[in-house]
Amino acid sequence: MKLSQYGYEFSTDMLAKYPAENRDESRLMVVDRATGNITHRTFKDILDYFDEKDLFVFNNTKVFPARLYGNKEKTGAEIEIFLLRELNRELRLWDVLVDPARKIRIGNKLYFGDDDLLVAEVIDNTTSRGRTLRFLFDGSYEEFKAALFALGETPLPKWVREKVEPEDAERYQTIFAEKEGAVAAPTAGMHFSKHLMKRMEIKGVERTFITLHVGLGNFRTVDVEDLSKHKMDSEQYFVEEEAANMVNRTKQEGHKVVSIGTTVMRTLETVVSTNGMIKPMESWTNKFIFAPYDFTVADAMVTNFHLPYSTQLMMVTAFGGYNTVMNAYKVAREEGYRFGTYGDAMLIL
C-alpha cells in the first residue's frame, strides 16, 4: 500500500466543529467486514451488536491542558507553547513545541501568566520546532503543576476550531479519563456516556482499561509514498495484569474483544505474544499498522472518521479491508456523517 491510496474527496465542511449534544447520540455507521454491508444507527444502539461476556477495551488516558500562551523576554513577542511530555519532575524539565519557533533560541526566557506567574528557560533544541524548557519555580511540585495547568488551555486540535470554549475542557475527554498524560484525546471513547456504560453493565458486556498517552505524532503528516519508510513517534503505554487477564480469558472463552479506538488497537497489537495472548507491560510503542497486517487480538473496533492520508485511516483500512472501508467513507460523505475529533463513529464487525 502506498500513501497516495489513502486520499479521498475531502472538504473542511465535513469536519465537526462541536460534539453531539449528548455523547451517545452521535451517528454510528456499522460496517460488516465479511459482506461489506453498511447499516446506519445511533451510537447508543451499539450494544445491539454484542452479548454478555463480550469485552470492550478502553483507553483511560487523560488529556491535560497542554497549550500555553506567553511572551519572550525583552521583545515581549507572543509565543505559543505546546507541552508534549514531562522529562524530569525534580528539574521541572519539559519537552515542548514552540510557535513561532524561528526566534526562540537556547538561553531565551519565556514568561507566562499575569505577573509572570511562570518563567521558563530554553535549554535545548530538539527539532526545528521542539525545545526543552526548564521552568523556574520555587514552590513545591504540586504548586508548580497547579500553576502550569491553571495557565494551560485544552489542546483541541486547531483544525477542529481555532477558539477553545469552556465546555471543551469536559467534552474533549472521555468520561473514564483517569491517567494523566495525553495531549490528544482517544476520540472513539468520547461517544460513551454514563448511561451507556450502565446499560453495558446490565447487559453483561464487560469492560477493561489500558493506557496509551496519545501524542501529537498521531497527527504528524506522512510524507513518504512508501509507508514502510514512515516512522511513528513513540507513545507511552501501560497494560496492567487485570486487563491482560480479561482480554485473554475473553479470547479463550470464544467471546468478542472490541477495541475502542486506534490507540487501543495499537497497544493490544504491541503487547500480543506469538500465541495470540497479551501480556502485562509498560513501555513505549511506535508501532505503525497498515495493510497488509494480520490482527490477532480484537474482533471488532470502534473508530471515528479520520482525515485523508492519516495513519489512523491506514490502520482502520488494514482492519476493515481497504475497499470496504474506503467505500464506507464514500457512503459517509454522501450521507452527511461528521468527520474528525468531534464527529460520528464507525463500528467495524
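Beyond the residues up to four places away in sequence, Thr311 touches Asn218, Val222, His230, Met232, Phe288 and Ile289, where contact means heavy atoms within 4.5 Å. The model is predicted, with local features requiring pLDDT of at least 70 and side-chain atom pairs pLDDT 80 or more, while totals for chains, interfaces and linings use all residues. Residues are numbered from 1 along each chain as its sequence is written, and side-chain values use heavy atoms, leaving out hydrogens and water.

Thr311 belongs to helix 6, residues 311–320; helices are DSSP runs of H or I with at least four residues, strands runs of E with at least two, numbered from the N terminus. Thr311 counts as buried because its relative accessibility is 6%, the cut-offs being under 20% for buried, over 50% for exposed and partly exposed in between, with a 1.4 Å probe and protein chains only. Its C-alpha atom is 9.7 Å from that of Leu3, 308 residues away along the chain.

Now the strands. Strand 5 (residues 67–72) pairs antiparallel with strand 6 (residues 78–88) over 5 bridges; pairing requires at least two DSSP bridges. Within this pair, Arg67 stands opposite Phe82. Strand 5 also pairs antiparallel with strand 8 (residues 109–112), over 3 bridges, and there Phe112 is the bridge partner of Gly70.

Finally, the largest nonpolar core has 35 residues, and Met29 and Phe305 are among those with the most contacts inside it. Such a core is a set of buried Ala, Val, Leu, Ile, Met, Phe, Trp, Tyr and Cys residues joined through side-chain atoms within 4.5 Å.
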